[in-house]
Amino acid sequence: MHKSHNHKFKPEKPWFLAMAMVGLIGGVLLIASFLRGNDSSTLFCGGGSSRWVTGNVTGLQLEAILHYATSKVIPQQNIDEIRISFDVLRSLSPCNFLVFGLGHDSLMWASFNLRGTTLFLEEDPKWVQTVLKDAPGLSASTVNYRTKLSDADNLLSHYRTEPDCSPTKSFIRGNSKCRLALNMLQDEVYDKEWDIIMIDAPRGYFPEAPGRMAAIYSAAVMARNRKSPGVTHVYLHDVDRKVEKMYAETFLCKKHLVKAVGRLWHFEIPPAANMNSEFC
């Protein structure tokens, strides 16, 4: 979910992927039409029973279809990567979906989670204003990261020596001592239990960028602290890069990795049965 002026991405078949997005969203509309006519159809999210979608097709879905049908700018992820997240969203929606990054794919993700809560966390306040001007139906919040990609190795050492980073503490709200904890987010992020967390930001391809270290650590803490039944689905993009892979193996854990497609890893992280245990 990179901003187009910061990351040039030229897929071999951009129009194929754009039309594939239209097809995916159109499929959501088709399923929605069946569900509207069948009151007994239910899907589950967080252990509770709820309708996937009710009422008429929303303006957000139609806006998403129009966007991907007419735009040459396409999502950062490829169709195979998107589909593994889409399949889980289709089974859980409406649910709580937290996305690190705001970009050209945000309309798509929000349209996949109708009647659910989809919140985007973005590092650049100007970019938030730009995106919301064209898509006011999205919910986004700015994040002030305390990390730099160049500090990734030192931050792992800090995690091992700072007691407030320990999995036995396992908290992020107000955690000022642990530099990996995202401690200044809006209350909604801390108050909700997120069924799905997508990490495709912040930027992590030059030394002064924030990197995704804090996002990965904080996602792991949220998943471990889950009180509702079921697992937390965590998706991490750009795992071909050293830092993403290193932090995923430290905090999200290879034993929780259920699928790998392209540059995307899908983890299913259960609540911590013993808060005295290590992350992995």
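Contact here means heavy atoms within 4.5 Å. On that basis, among contacts in the chain between residues at least 6 apart in sequence, 71% join residues at least 24 apart.

Before I go on, the sources. This is a predicted model, in which local features need pLDDT of at least 70 and side-chain atom pairs count only at pLDDT 80 or more, while totals for chains, interfaces and linings use all residues. Residues are numbered from 1 along each chain as its sequence is written, and side-chain values use heavy atoms, with hydrogens and water left out.

The chain has 280 residues, and 53% of them count as buried; buried is under 20% relative accessible area, exposed is over 50%, and partly exposed is in between, with a 1.4 Å probe and protein chains only. It contains 9 helices and 9 strands, taken as DSSP runs numbered from the N terminus (helices H or I, at least four residues; strands E, at least two).

Helix α8, residues 213–224, packs with helix α9, residues 242–252, at an angle of about 20°, and the axes are 9 Å apart. Axes are lines fitted to C-alpha atoms, for helices over the stretch in contact, and angles run from 0 to 180 degrees between N-to-C directions. The two helices are therefore roughly parallel to each other, the class for angles under 35 degrees.

Which residues of α8 and α9 meet? From α8 they are Met213, Ile216, Tyr217 and Ala220; from α9, Val243, Glu244, Tyr247, Ala248, Phe251 and Leu252. The residues of this contact divide into 9 nonpolar, no polar and 1 charged. Nonpolar covers Ala, Val, Leu, Ile, Met, Phe, Trp, Tyr, Cys and Pro, charged covers Asp, Glu, Lys and Arg, and the others, Gly among them, are polar.

Now α9 by itself. Its buried residues are Val243, Glu244, Tyr247, Ala248, Thr250, Phe251 and Leu252. They pack against α6 (152–161), α8, β7 (232–237) and β9 (264–269). Just after α9, Cys253 takes a positive phi of about 85°.

Last, the rings. The structure holds 12 aromatic pairs; rings of Phe, Tyr and Trp (its six-membered ring) pair if their centres lie within 6.5 Å, and planes under 30 degrees apart count as stacked, over 60 as edge-to-face and the rest as tilted. One of them is Tyr205 with Phe206, edge-to-face at 5.4 Å centre to centre and 70° between the planes. Tyr205 is partly exposed at 31% relative accessible area, and Phe206 is partly exposed at 29%. Elsewhere, ring pairs link Tyr159, Tyr217, Tyr247, Phe251 and Phe279 into a cluster.

Key: Parallel < 35°, antiparallel > 145°, perpendicular 65-115°, else oblique.
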